Amino acid sequence: MVYDVPEVRGQYVSLGDGWTYLNAHERPQIPQRVATGVARAFRTSTSPLAGSGAPTGSHADHRDGQFEGHLHISAARRAIADLVGGSARAVVLGPSLEALYGMLARAMGPMLRRGSQVLLSNLDRPQLSHQLSQASVNAVWAQPDLATGELPAFQFAELVDPATRLVAFPAAQDLLGTVTPVAEITDMVHEAARSWVLVDATAYACYRPVDMSEWGADIVGVDLARLGGPRIAALVFRDELMLNRLDPVDPMAERGSVEALETPVSEGLAGGVSPLVDHLANLARRGGHQGAGSYGGRRSASRAGWAAGEGSGGGQAGPALSRRERLIYSMGEMSTYLQDLGRDLETFIGSLPSVHILGVSGEAAQGSHNDRVPRISFAVRGVPARTVYQRLLDNGLVTTVTPVTPLVREMGAEEIGGAVTVSLAPFNQDHDIEHLTRVVASLA
């Protein structure tokens, strides 16, 4: 099996505009499959659903007043459940993860009485932490290692107590790429308190398959827009019975249902969620072209049959795989490819003498072997971040100026003129890293 980069690139029409996109953390490119799905959903969402075998004229038997848009919402729930390994009946949709975190903070009102606490982390996006910090007068903070950007697990054993009701942190830091030991932390939390663990899987899910049961997480959040999908987000609960403990947002909906907690989302946009997950499940498949060898020869191990009719080389049909199974396989192959590319990114940029990579460069970080997804934020000594960004843009490279979050500030980015964030996407290749390195070297 070869991760076929040319085939993957062909699924992104926008790549033909001449730019080199290295900003997947902020504005990921939208696969053509997603754009087509959204367009179709907007066209059909207001069409009534005809009953099976019913006539299609003005006297058609319509299914209890249901419309096509309801199918787009249902399909979005199933797709997100496949993405994280959860149940579609426990998927709560919303327009953004910030809105859903705010909803959760309000809905947990009965659980967050006087004397209770929430445990947050500066590793999370400030917009998310802010929503949850409003939920309790007693907010406790877990601190990341300022040298490496990782979130040490040991501190949770000290910070969690019987009054802790909610613990929240990301599975991967969206600007630095550090991966959090989620399962280790959730074990500590559940041993110390009857607390819910909320994990933002967004940055992690861009690169690796997510299994919320393996993590032991009670709630998993994911922002589909940051994966190249429509502007829809979701909270997936471990068990739908958890919903009964939350105050409903919609008083007209049945208590304990996902609808009771949702802010309505666009049915048209929801039509792009299932195509997004299908896209991720088909990035790597048996029988791809061999062209990827020209992009560095990054090969991954062959695995079991792909789907019915796509057996191994002997032409025998393999067992049909579910979308969840195909997703795990495909993203596993993508992860192997991008981890190699990410190591090149870190090595080439980090080898430039005037470059400092947050969490990687410096004596305190040397010798650490942190697990990372392929994202870095770097600074060029003596060159303002805005100048670095503009030079890259002038050379066709799209990155972002790193936002000054509390974590980035404490790691000293402002003192050296700010930083630029680079993140890889499924379609990036060796040439992109080489081009980036040459341009940064011209400044360094």
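Predicted model: local features only at pLDDT ≥ 70, side-chain atom pairs only at ≥ 80, totals over all residues.
**Entry 1: H11 against H12**

Helix H11 covers residues 273-281, and its axis lies 7 Å from that of H12, at an angle of about 55°. Angles of 65 to 115 degrees would count as roughly perpendicular and those under 35 degrees as roughly parallel; I therefore recorded H11 and H12 as oblique to each other. I then listed the residues that meet: H11 brings Ser274, Val277, Asp278, Leu280 and Ala281, while H12 brings Arg323, Arg326, Leu327, Ser330 and Met331.

**Entry 2: Serine 335**

I next turned to serine 335, which has its place in helix H12.

**Entry 3: Nonpolar cores**

I looked up the largest nonpolar core and noted 105 residues in it. Trp215 and Phe378 have the most contacts inside this core. Helix H12, residues 323-350, gives the most to this core, namely eight residues. Another core, of 30 residues, lies apart from it; Leu104, Met108, Leu246 and Leu261 are among its members.

I then asked which residues phenylalanine 378 is in contact with, leaving aside its neighbours within four places in sequence. The list comprises Ile349, Val355, His356, Ile357, Val388, Ala419, Val420, Val422 and Val440.

**Entry 4: The four-stranded sheet**

I traced an open sheet of four strands, in the order S11-S12-S15-S14, and its pairing is antiparallel. Strand S11 (355-357) and strand S14 (400-401) each have a single partner strand and stand at the edges, so one side of each is left without a neighbour in the sheet.

I followed the bridges to S15 in turn. Strand S12 (residues 375-380) is joined to strand S15 (residues 420-423) by four bridges, and the two run antiparallel. In S15, valine 422 is the bridge partner of isoleucine 376, and serine 423 is that of arginine 375. S14 is joined to S15 by two bridges, again antiparallel; here threonine 400 has threonine 421 as its bridge partner in S15.

Which way do the residues of S15 point? Val420 and Val422 point one way, Thr421 and Ser423 point the other way, and all are buried.

**Entry 5: Helix H3**

I checked the length of helix H3, residues 68-84. Its 17 residues should span 24 Å at 1.5 Å a residue, and I noted agreement because its end C-alpha atoms are 25 Å apart. H3 is mostly covered, with 12 of its 17 residues buried. The buried residues include Glu68, His72 and Arg77, as well as Ile73, Ile80, Leu83 and Val84. After H3 comes glycine 85, for which I recorded a positive phi, near 80°.

**Entry 6: Helix H4**

Lastly I looked up helix H4 (residues 97-107). Eight of its 11 residues are buried, so H4 is largely enclosed by the rest of the structure. I listed the buried ones as Leu97, Leu100, Tyr101, Gly102, Met103, Leu104, Ala105 and Ala107; of these, Leu104 is also among the residues of the 30-residue core.

What covers the buried residues of H4? The cover includes strands S4 (91-94), S8 (196-200), S9 (219-223) and S10 (233-237), together with helices H5 (126-133) and H8 (202-205).

Conventions
Residues numbered from 1 in each chain as written. Heavy atoms only, no water. Expected span 1.5 Å × (residues − 1). Buried < 20%, exposed > 50% of the residue type's maximum accessible area, 1.4 Å probe, protein only. Pairing = 2+ DSSP bridges. Core = buried A, V, L, I, M, F, W, Y, C linked by side-chain atoms within 4.5 Å. Contact = heavy atoms within 4.5 Å. Axes fitted to C-alpha atoms, helices over the stretch in contact; angles between N-to-C directions. Parallel < 35°, antiparallel > 145°, perpendicular 65-115°, else oblique.
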